[in-house]
Amino acid sequence: MNAYSETVFNAKTKIYTGVSSIKNLGPVLQEIGAHRILMVTDQGIKHSGILKNVLGEIPENMEVLIYDEVKPNPDVASIDETANNYRKKEISALVAVGGGSVIDSAKALAIVLTNESSISAYYGFDQYTEKALPLIAIPTTVGTGSESGNAAVITDETDGLKTKKLVFGEDLFPRVAILDASLLRAMPSGLIASTGMDALTHAIEGYVSIWSSHFTDALNLHAVRVIGKSLLPAIAHSENTEAMHGMLLASSITGLGMANSGLGMVHGISHAIGAQYDAPHGIVNAILLPYLLEYNWIANPEKFKDIAEALRVNIEGLSVEEAAKAAVAYVKNLTKEAGIPEKLSAIGVSKEHIDVLVDIAFHDAQYMVPNPRKMSRQDIYNILDQSI
């Protein structure tokens with residue numbers, strides 16, 4: 001980051017936080033004039049009891065339609081089919097209750113319900129013409145960050161090759177996000193670990209991105225600090241309200257940071273793997289993170305030293321380079337303590353597909369460009385070879 005570079009910081013989401021902040025949902029819906037709501041969620045949330053708690057906050061004079069079939073890694077076909085099913089229902093607002101796949105699905109539906117084409121027509125920045133429907137996002141994991149960002153990740157299959165595409169837009173910032181840790185009390189420890197490490201990946205990649213700024217640095221580094229203090233206690237017990245609240249806020253804070261700073265090649269490689277294997281995004285990121293940190297630290301040792309300090313690593317007496325390496329070592333150990341597998345093979349990724357994964361990741365400019373260290377095809381191949 002050049003201190004004198006031109007930057008733009010974009011933030012449009014009103015964020016309510018705190019235990020019982022879900023009570024703001026009804027007044028928010030009344031304020032935007034909602035009359036028929038599409039609730040977007042998945043089967044896990046439906047059966048957990050969370051959805052029932054959220055529905056209890058909807059004013060009685062509002063009709064609610066529920067789409068609860070969101071699957072991990074939403075694809076073009078599911079978005080288009082769902083939009084076709086609801087396009088004539090006169091939806092006035094969407095409420096997303098779930099993790100990243102749910103919120104991204106709701107963002108995509110908010111566009112397609114007011115525009116006539118497939119979601120695949122809107123890849124890139126502000127490619128749609130009609131304004132999206134208003135969206136209220138209620139995250140139920142501690143890692144997505146999508147509730148405070150302006151992008152939706154969609155799996156696309158063209159000529160038999162699956163890739164992940166991004167749809168960006170001013171309207172994709174949710175109108176409101178509600179961060180209520182009391183909704184997450186029954187969250188499984190494994191999901192806290194994978195989504196929490198996903199949030200740490202967002203924060204670190206956003207902080208060291210070459211697109212970072214003073215604004216994004218403040219957000220992303222603070223998120224690193226909060227996650228470093230909160231992650232393991234949250235994994236240990238989801239009813240640790242202080243830890244869960246910290247993780248939920250940190251995820252959203254870095255979501256806002258990464259929406260403006262961009263991310264790096266953990267995500268570039270992760271998206272290639274997620275598309276080909278339909279693998280869980282948080283776990284793939286968590287496995288890849290230590291390998292990319294070992295590769296990237298030489299590009300900006302000072303920032304990696306900052307990360308070490310934010311994670312409360314004792315770097316007294318260490319040089320900048322030694323402190324940077326200490327940050328990498330700490331994250332590697334934290335991943336292990338969180339119960340994340342060390343290798344991608346543990347989730348079914350095979351070396352026989354390395355060449356395809358390398359080709360997809362190498363051409364993903366959205367992550368190649370802001371990565372702090374320039375990567376070649378061989379570099380990506382080496383990372384995959386080591387991590388599988």
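Trainee: Leaving aside its neighbours within four places in sequence, which residues is Ser 146 in contact with?

Mentor: Contact denotes heavy atoms within 4.5 Å. On that basis Ser 146 touches Ile 103, Asp 104, Lys 107, Ala 151 and Pro 174. This is a predicted model, in which local features need pLDDT of at least 70 and side-chain atom pairs count only at pLDDT 80 or more, while totals for chains, interfaces and linings use all residues. Residues are numbered from 1 along each chain as its sequence is written, and side-chain values use heavy atoms, with hydrogens and water left out.

Trainee: Is Ser 146 buried or exposed?

Mentor: Buried means under 20% relative accessible area, exposed over 50%, and partly exposed in between (1.4 Å probe, protein chains only). Ser 146 counts as buried because its relative accessibility is 7%. Its side chain also forms a polar contact of 2.7 Å with that of Asp 104. A polar contact is a pair of N or O atoms within 3.5 Å; within protein, one must be able to donate a hydrogen and the other to accept it, and residues adjacent in sequence count only if both atoms are side-chain atoms.

Trainee: How many residues of strand 6 are buried?

Mentor: In a regular strand the side chains alternate between the two faces of the sheet. In strand 6, five of the five residues are buried, so the strand is largely enclosed by the rest of the structure. Leu 135, Ala 137 and Pro 139 lie on one side, with Ile 136 and Ile 138 on the other.

Trainee: Which strands pair with strand 6?

Mentor: Two strands pair if DSSP finds at least two bridges between them. Strand 4 (residues 93-98) runs parallel to strand 6 over five bridges, with Val 95 opposite Ile 136. Strand 9 (residues 176-179) is joined to strand 6 by two bridges, also in parallel, and Ala 177 is the partner of Ala 137. The whole open sheet has six strands in the order 1-9-6-4-2-3, with strand 1 (14-17) and strand 3 (63-67) at its edges.

Trainee: Which residues of helix 15 are buried?

Mentor: In helix 15 (residues 377-387) they are Asp 379, Ile 380, Ile 383, Leu 384 and Ser 387. The elements covering them include helix 9 (265-277) and helix 13 (354-362).

Note on methods. Helix = DSSP H or I, 4+ residues; strand = E, 2+ residues; numbered from the N terminus.
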